[in-house]
Amino acid sequence: MKFSLAWPSALHNKGVLGMNKRNIDYIGRCNPRKFYKRVDDKLTTKQLALANNIAVPSLIGVVREQHEIEDIPAMVAAEDGFVIKPSKGSGGKGILVITKVEAGRYYKPNGHEVTPSEVYRHVSNVLSGLFSLGGNPDVAIVEGLIQFDPVFDGYSYEGVPDIRLIVYKGFPVMGMLRLSTAASDGKANLHQGAVGVGVDIGTGKGLHAVQFDKPIDFHPDTNKKLIDIKVPHWDFLLHTASKTYEMSEMGYLGTDMVLDRDKGPLLLELNARPGLAIQIANNRGILPYLDNVDKLGKHNMTVDERVEYAKKHFCHSAQL
């Protein structure tokens, strides 16, 4: 399916969801403004997830004031690595990943050293709101480092892959795996050059892969064939994503999860305004799946029932 250089009506006829329709018919209609903090504030999301028995990366500490920045060396002294992120950041902005701590020195995934003063300056920028939605003052979350699951060896470059699932009214309707590259500096951000692999909702198997919105077959840095991938713990990931519907009370969500070598699936964050590139990664539009859920009307389906319905009706082989 080709999405570029086409009339909006032609894209709609192919089931492609555009930004205006997404904003009005799905985000505006299904995501109550009063609940936005549950997803826009990562610290709140983490607390909600723990209260709902959903596993998340470990919380090392929170920096709320400028003077607390000096506490970071002691905070991370016993850690092999850590991640600093803005609580209200978006699009992967402001995330600092340190994969090695050695004698008070910090190293990024690419091996480059980050000095303590650079860490302090980064956190100061986080607190000032440089990376936050609306530029408002923020807090910095210091999390434990995700331990790379070896199942993804060769599929990602200097970074941990994450799994994005779009959840509509509690149904996981479309998924993709985001794989870091040299171009994306070890971050799973498609706009920065990460690879997106569409994943079959029914099986967790790779379907189609893109980088910079163009189809590719092999990872640009490792030469691994991308659609050979199959995401483990797939049913668990689907159930976790579905549970976030009741947890957040938001009807249209992007759920971002990772697989930790030791802890298994972890919920990273939720997104009330998930991007549309997942359709390009899957080489198909999402509208038929959303329409299918709407046709169900009001229902009392459990998480288990919603997941089974999604696996049957939104899998690659299903005819809508």
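Trainee: Is Tyr106 buried or exposed?
Mentor: Tyr106 counts as buried, because its relative accessibility is 4%. Buried means under 20% relative accessible area, exposed means over 50%, and partly exposed lies in between, with a 1.4 Å probe and protein chains only. Please note that this is a predicted model, in which local features need pLDDT of at least 70 and side-chain atom pairs count only at pLDDT 80 or more, while totals for chains, interfaces and linings use all residues. Residues are numbered from 1 along each chain as its sequence is written, and side-chain values use heavy atoms, with hydrogens and water left out.

Trainee: How many aromatic pairs are there in the whole structure?
Mentor: A search of the whole structure finds seven aromatic pairs. Rings of Phe, Tyr and Trp (its six-membered ring) pair if their centres lie within 6.5 Å; planes under 30 degrees apart count as stacked, over 60 as edge-to-face and the rest as tilted.

Trainee: Where in the chain do Phe82 and Tyr106 lie?
Mentor: Phe82 is in strand S2 (residues 82–86) and Tyr106 in strand S5 (residues 105–107), so the pair links distant parts of the chain, 24 residues apart. Phe82 counts as buried because its relative accessibility is 0%. Helices (H or I, at least four residues) and strands (E, at least two) are DSSP runs, numbered from the N terminus.

Trainee: What about Tyr168 and Tyr252?
Mentor: Tyr168 and Tyr252 also form an edge-to-face aromatic pair, with 6.2 Å centre to centre and 75° between the planes. Tyr168 lies in strand S8 (residues 162–168) and Tyr252 in strand S13 (residues 252–260), so the pair ties together parts 84 residues apart in sequence. Both Tyr168 and Tyr252 are buried.

Trainee: Which residues form an aromatic cluster?
Mentor: Phe171, Tyr289, Tyr309 and Phe314 form one aromatic cluster.

Trainee: And which charged end sits over the ring of Tyr36?
Mentor: That of Arg33, 4.2 Å from the centre of the Tyr36 ring. The charged end of Lys100 sits over the ring of Tyr107, 4.8 Å from its centre. A charge sits over a ring if NZ of Lys or CZ of Arg is within 6 Å of the ring centre and within 35 degrees of the ring normal.

Trainee: A new topic: what does Asp40 touch?
Mentor: Not counting residues up to four places away in sequence, Asp40 touches Ser87, Lys88, Leu133 and Arg273; contact means heavy atoms within 4.5 Å. The side chains of Asp40 and Arg273 are joined by a polar contact of 2.9 Å. A polar contact is a pair of N or O atoms within 3.5 Å; within protein, one must be able to donate a hydrogen and the other to accept it, and residues adjacent in sequence count only if both atoms are side-chain atoms. Asp40 lies in helix H3 (residues 37–40) and counts as buried, at 17% relative accessibility.

Trainee: Where is Gly134?
Mentor: Gly134 is in the loop between helix H6 (116–128) and strand S7 (140–144). Gly134 is exposed, with a relative accessible area of 73%. From Gly134 to Lys88 it is 46 residues in sequence and 9.3 Å in space, C-alpha to C-alpha.

Trainee: Finally, how many helices and strands does the protein chain have?
Mentor: The protein chain has 10 helices and 14 strands. Of its 320 residues, 50% count as buried.
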